[in-house]
Amino acid sequence: MRRKQFSLIPTIFCAALLICLVGFMPITAARQQNAIAPEFITAEQLKQKLAGDQAITVIDVRDTKTYINSARIKGSLYFKLRRLPYRLTMSPLKDLPRDRELVTYCACPHDEASIQAARIFLEAGFKRVRVLQGGWQMWLRINGQTEARL
């Protein structure tokens, strides 16, 4: 009899664990649905907008090493991604109109940092935020205008 009781304990534990995990799945799915998904802009589209002198702010969120060792998109503003929420409280970001078009870019293989930066701007109330698809590497590939960092 004692043997049967001990063999049921792992089964009961596994069943309880499964019930807990299934119970949390809707919460996780709801969080993912509520995550803000920014739109993308191609390098060609951005190049045309910048050439047409449209009111657009380009935000560089590449890692510091990459930023220091290369040029940047002409006219872009550099901010460390981890400091971006704080920098939104300071000039020049705090003074930007919330309906101003913003484009974020990074040098990540899948635009991870620029997507995260775009979400920060969207959560702060900016309405027209997009991610440069392909980021810095794509900008260089299409011969987008660059300038030496300041």
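Which handedness does the β-α-β unit made by β5, helix α5 and β6 have? In this predicted model, the unit is right-handed. Helix α5 spans residues 112-123.

Strand β5 covers residues 101-105. 5 of its 5 residues are buried, so the strand is largely enclosed by the rest of the structure. E101, V103 and Y105 point one way from β5. L102 and T104 point the other way. Two strands pair with β5 in the parallel sense. Strand β6 (residues 128-132) pairs with β5 over 4 bridges. Here T104 stands opposite V131.

A pair of aromatic rings is described by the distance of the centres and the angle of the planes. The count of aromatic pairs is 3. One of them joins Y67 and Y78, with ring centres 3.8 Å apart and planes at 10 degrees. Planes under 30 degrees apart count as stacked, so the Y67 and Y78 pair is stacked. Y67 lies in helix α3 (residues 64-68) and Y78 in strand β4 (residues 77-78), 11 residues apart. Both Y67 and Y78 are buried.

The rings of Y105 and W136 also form a pair, with centres 6.0 Å apart. Their planes meet at 25 degrees, so this pair is stacked. It links β5 to helix α6 (residues 135-141), across 31 residues. Y105 is buried, with a relative accessible area of 0%. W136 is buried at 4%. R62 lies over the face of W136, at 4.3 Å from the ring centre.

Note on methods: Residues numbered from 1 in each chain as written. Predicted model: local features only at pLDDT ≥ 70, side-chain atom pairs only at ≥ 80, totals over all residues. Heavy atoms only, no water. Buried < 20%, exposed > 50% of the residue type's maximum accessible area, 1.4 Å probe, protein only. Pairing = 2+ DSSP bridges. Right-handed = clockwise from strand over helix to strand, strands pointing away. Phe/Tyr/Trp six-rings, centres within 6.5 Å; stacked < 30°, edge-to-face > 60°. Lys NZ or Arg CZ within 6 Å of the ring centre and 35° of its normal.
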